[in-house]
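Keep the structure in view as you read.

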Amino acid sequence: MAQPESKKIFFENLSGAGKAIGVLTSGGDAQGMNAAVRAVVRMGLYVGAKVYFIHEGYQGMVDGGENIEEASWESVSSMLQVGGTVIGSARCKEFRNHEGRLKAAHNLVQQGITNLCVIGGDGSLTGANLFKEEWSGLLTELVEQGLIEADAVQKYSALHIVGMVGSIDNDFCGTDMTIGTDSALHRIIEVVDAIMTTAQSHQRTFVLEVMGRHCGYLALVSALACGADWVLIPEMPPEDGWEDKMCEKLSANRAGMKRLNIIIVAEGAIDRSNTPITTDTIKDLVVKCLGFDTRVTILGHVQRGGTPSAFDRILASRMGVEAVLALLETTANTPACVVSLCGNQSVRLPLMECVQMTQEVQRAMDGKRFEEAVKLRGRSFENNLKTYKLLAHRKAESELPISNFNVAVLNVGAPSAGMNAAVRSAVRVGISEGHKMFAVSDGFEGFSKGQIKEIKWADVGGWTGQGGSLLGTKRTLPAKYVDKIAAQMREHNINALLVVGGFEAFESLLQLYEARGTHEDFCIPMCMLPATISNNVPGTDLSIGADTALNAIVETCDRIKQSASGTKRRVFIIETMGGYCGYLASVGGLAAGADAAYIYEEPFDIRDLQANVEHLTEKMKTGIQRGLVLRNENCNENYTTDFIYQLYSEEGRGVFDSRKNVLGHMQQGGAPSPFDRNFGTKISAKAMQWVTKKLVETFRKGRVFANSEDTCCLLGMRRRALVFQPVVQLKGETDFVHRIPKEQWWLKLRPLMKILAKYKTSYDVSDSGKLEHVVRNRPRESDVSAAM
């Protein structure tokens, strides 16, 4: 299906000819840095610039020589899936001194480098900005010392800086997510999930310390993702007397038949007096007060290691391309900027504005202005904290508002990872709002049969990390059971409905909305949360479960490519799920470093297939050993996976051989990723608060009556915000025959995959980031980052 053309600005207007770009990684390493380096190198070369590796960060810039090396296309092959940074990183004391920066300037001028892409934390980026400010003075000094010619001052008059934030801590203001944070969350959650099984066996309490320096983001989000009993973060120290409250909470959970306790402590955790709270302090307290068998686990540098997640690869690739575009557009007066993520969009922000706000957070914490520190971290952080408190700490019965409303929650369509986290969140927020919550088993089919029962707070304990659908789900639509469902709603006095599911859930809500004309039982607030690995629901950029599926695809592609290591040249044809939606194939291809991805939305013919084979043949002759091609399961009824495999085998004969793999339902299984757990948890909490609001608004004369469009909505993420959209208004945006939205944002990422695979293509940069300014608490709650 052809997508509407937007006004495009092509690369012809943004030539990099004659420019030299230096790329370095500085400070602590983070997973995804290599993906960023790869994107900068390949995009730079693509637009005609020279690109140089600066090995060992600022130390390599100061030392010069072999540390500054010209990069080639092949030099960044097989880099995407590697953790850490292959070009090295080092903390450099010498660069902090004027003499060190003078040496660095000399080394850059010798190579003609006046464009720097710095990947690091706030310290590294601050150093880059100082270097830019001193640049002209440094060149004058070099002329005076006779180290460079006088005309070099004019030729290299301005140094252009673009930063990307690479840090697992996510402690940089101005971006929703920093490169490496999502991967670090993967490592933490993997450990927590493993620990929970042994803790349950022995009825133990585990105290886990996670990294983050002075930022509690990793601790807070991992606590939200695993349903921890208690979390301690530096931005919001516990109130005085917290020790007794924590022990009461742990004791109450054990009394409620919970066999384990998890306490997560940020490494910078403090109390209200700014005194550090350590894991040993917590352990001693629990043992002394409760006598529980308690163990401490300090995750340490495990969090920095391992392969980058799909999210970090995509983020880093997008940011790397955006950084090169920013460098091409800079002028002598352009301030140093940082490429950031806001919701689902790339933005450019003045580097020092971000740094100054980041420093403000620390000043607020030092001054014990903790509420201010939380707000300065951004709405995303603030919402995480509110959601955690809402879900982790149950109010006493006497504190609950009395609403007398009954709310039913059900899953519809195929199962997807993160559904259970959404249901848990809905149940607990609903109970906190004073509602009686009902769980419906097996979707609308179960609804029609009366498979409805009340669900309590403790019933959903431990659901966050469970894959699939614990409620049970079916694809059956409600139209054929409307009378029976209406009867069950009357019998159980259901006042609102929350549906978690994919395209079938969207169709179901449309049918229920239309049924309002004949059945007043459906004149109640109804909300849908998109949950499908296919990410094919209109009205949202992302769906619960898609990130887990992407990670399954990327991990499998990594293994498949590694299987050919050391053998003859080989191309792998991989089939992905998704129905007619090419999201998994396209975005998975970008994350896995694919050479091509065939999808329904972008029609192709035999000439395109032949061109791809020829492209891979040329690539193999340059020394590349492996090729990767993804195919969406319904991209074309004639060009099947078998056909493409046979075509590549025949046409590549003598140059490479081919293998095929159908990933199948492994994309649907497994434990949910941190992103899906948190995305599901947070949008579900927001949906339940919307339900409460609508119940209050539509309650008249002793009953709920809601028949307007805005009482039957889908909650989706659109660009920078979470938006409630009436389902009837989304009908016009939907291709019902192929079960996909008519416009899909991720199609703009496809040219990136092609560019990074060395295809000549057009890339629409009209929607790329524009320089903005940092605004306190600007809309960040979309959390595309890890939905956090």
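The accessible surface of the protein comes to about 28900 Å². Carbon and sulfur atoms hold 48% of that surface. Areas come from the Shrake-Rupley method with a 1.4 Å probe, and for residues only the protein chains shown count as cover.

The model is predicted: local features need pLDDT of at least 70, side-chain atom pairs count only at pLDDT 80 or more, and totals for chains, interfaces and linings use all residues. Residues are numbered from 1 along each chain as its sequence is written, and side-chain values use heavy atoms, with hydrogens and water left out.

Now the overall form. The C-alpha atoms fill a box of roughly 90 × 70 × 45 Å along the principal axes. The radius of gyration, taken over C-alpha atoms, is 27 Å. That agrees with a compact globule of 788 residues, which would have a value near 28 Å; the rule is 2.2 Å times the number of residues to the power 0.38.

The protein has 24 helices and 27 strands. These are DSSP runs, numbered from the N terminus: helices are H or I with at least four residues, strands E with at least two. Of the 788 residues, 63% are buried. Buried means under 20% relative accessible area, exposed over 50%, and partly exposed in between (1.4 Å probe, protein chains only). Contacts have heavy atoms within 4.5 Å. Among those with a separation of 6 or more, 80% join residues 24 or more positions apart.

Next, the cysteines. How many disulfides does a search of the whole structure find? It finds 0, where a disulfide is a pair of cysteine sulfur atoms within 2.5 Å. For C226, the closest cysteine sulfur is in C215, 17 Å away, which is too far for a bond. C635 is in no disulfide either; the nearest cysteine sulfur, that of C581, is 13 Å away. C226 is buried at 8% relative accessibility, and C635 is buried at 7%.

Two more residues complete the tour. T576 lies in strand β18, residues 570-576. T576 is buried, at 1% relative accessible area. Leaving out residues up to four places away in sequence, T576 touches several others, including I553, A585, L630 and Q667.

A597 sits in strand β19, residues 596-598. A597 is buried too, at 5% relative accessibility. Beyond four places in sequence, A597 contacts A585, S586, L630, R750 and M753. A597 and F522 are 75 residues apart in sequence, and their C-alpha atoms are 43 Å apart in space.
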